[in-house]
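This report is written for a reader who is meeting the structure for the first time. Please keep the sequence and the model in view while reading.

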Amino acid sequence: IIPYIHVAGTNGKGSVCAFFSSILKKEHMRVGTFVSPHLVDFEERITVDGRMIAKEDVTRLGNYLLDIDFGIGLTMFDYCLAMALLYFEEQQCDYMVIETGLGGRLDSTNAIGTPQCAIITKIGYDHMAILGSDIADIAAEKAGIIKENGTVVVEQQDKRAMQVIEQEAQKRHARIITVEQSDIARCSGYALRLCGTFQWENAAAAELAARYVLGKHYGGLEYEDKTEPKREETDLNDRIKSALEEAVWPGRMEIVSKEPFLLVDGAHNSNGVDALKESLMQMYPGEKFCFFMGVMADKDYDVMIREILPLAEEFYTVTPDSDRALQASHLADFIRKEGVEATELSGVDEIRKHLKRDTKNVAFGSLYFIGELKQHRI
């Protein structure tokens, strides 16, 4: 099997995959990356060196897989993963970067085998109907990607979530590399194209994992002191820094227009909105924003709204194109009851005429919503 890196967590998985893939690409590795969901095109889920799988290959591999009797009922996600693995094999990838779909322990990505390194990003409250409503229960599902004698890089966590991860690692005789404040501070000095203060920690997680994996790959550059690189590692460190600065991840704290100003972010749960709020406060201190929001009905949208309200001048709400979407009228009613002006729009295409010129506009709430917005080239 192709060596792979396995990424789980509630928020930041896609960004970490983008950072890590960029580092491997900089090292002249052929890297296949599997993520979900997509923003605009299905092909975004499966890329090699940043290039999306061709539609013809999706059709060819999809038909091949549909003709196989697996003896069990597969989900769409399972078929997507199988397609990605076949494609990466065909493309003779040196490494794969694989993002979990949901949780980790029971996720189909967990059946691939033992990864070179696992990464657990920020854990928070999401998909609670499936993963549980307690942070420790959710952490237990995410920690399910830790393998026997494996290595896992872990971002800073809620105390109870960290305890669960440490217990699982101990049980599996696995090594934990924790993202320290000094690692985040180092990455805060990088000129990252991915905006948002929370991206510093995602970059740090990818960097630590890359140093470990590349150390094994090159032999002799084993992960040791993160603050005092050896002389022979200096070039590698420069390349990692350069790769992190070149990484892109659409739809996450992305400024899609400067006149009028429009920033889009895929924040779709309370933890994501908290990170969005902190980043906006740091990037644009003292400013208020015009928010455009579309959200799924099964999300903690009440907590999300209350989190971002102090920064809101007004809201416009949209119903995303999904069976799970919360109606824009319901969302606007809730916001008005919280004391902020809110107007429901009939569709994403209406956003353009409501963008403010004298206030920064921010769209968030769902990756489906952000995907639609980008598709309309707003």
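## The second largest pocket

Helix α1 makes the greatest contribution to the lining of the second largest pocket, supplying 7 residues. This helix spans residues 13-26, and both α1 and strand β2 (31-34) provide at least two residues of that lining. The model under discussion is a predicted one.

The space in the second largest pocket amounts to about 650 Å³. Its lining consists of 27 residues, and those nearest the centre of the pocket are Thr47, Gly50, Val248, Trp249 and Pro250. Sorted by class, the lining of this pocket comprises 12 nonpolar, 7 polar and 8 charged residues.

## The cavity

How many cavities of 30 Å³ or more does the structure hold? There is 1 such cavity. The largest cavity has about 40 Å³ of space.

The residues that line the largest cavity are Thr114, Pro115, Ala118, Ile146, Lys147, Gly150, Thr151 and Val152. By class, 4 residues of this lining are nonpolar, 3 are polar and 1 is charged.

## A mixed sheet of six strands

An open sheet is formed by 6 strands, arranged in the order β9-β10-β14-β11-β12-β13, with mixed pairing. At its edges stand β9 (254-258) and β13 (342-344), each of which pairs on one side only. On average, and with direction ignored, neighbouring strands of this sheet are turned by 20° against each other.

Within the sheet, strands β11 (residues 289-293) and β12 (residues 312-317) run parallel and are joined by 5 bridges. Opposite Cys290 stands Glu314 in β12.

## Helices on the sheet

Helix α11, made up of residues 301-308, packs on the sheet and touches β11, β12 and β14 (360-364). The direction of α11 makes about 170° with that of β11.

Helix α12, covering residues 328-337, also packs on the sheet. The strands touched by α12 are β11, β12 and β13, and the direction of this helix makes about 170° with that of β13.

## Ala161 in helix α6

Ala161 belongs to helix α6, which runs over residues 159-171. Is this residue, Ala161, buried or exposed? Ala161 is buried, because its relative accessible area is 0%, and a residue counts as buried under 20%.

When neighbours within four places in sequence are left aside, Ala161 is in contact with Ile135 and Ala139. Ala297 lies 136 residues apart from Ala161 along the chain, and the C-alpha atoms of the two are separated by 26 Å.

## Leu214 in helix α8

Leu214 is located in helix α8, which comprises residues 198-218. The relative accessible area of Leu214 is 0%, so this residue is classed as buried.

Which residues does Leu214 touch, not counting residues up to four places away in sequence? They are Ile23, Leu24, Glu27, Met29, Gly219 and Leu236.

Key:
Residues numbered from 1 in each chain as written. Predicted model: local features only at pLDDT ≥ 70, side-chain atom pairs only at ≥ 80, totals over all residues. Heavy atoms only, no water. Pairing = 2+ DSSP bridges. Helix = DSSP H or I, 4+ residues; strand = E, 2+ residues; numbered from the N terminus. Axes fitted to C-alpha atoms, helices over the stretch in contact; angles between N-to-C directions. Contact = heavy atoms within 4.5 Å. 1 Å grid on protein atoms, 1.4 Å probe; cavity = no way out; pocket = protein on both sides within 12 Å on 5 of 7 lines; lining within 4 Å. Points joined across faces, edges and corners; volume = space filled by probe spheres on them. Nonpolar A, V, L, I, M, F, W, Y, C, P; charged D, E, K, R; others polar. Buried < 20%, exposed > 50% of the residue type's maximum accessible area, 1.4 Å probe, protein only.
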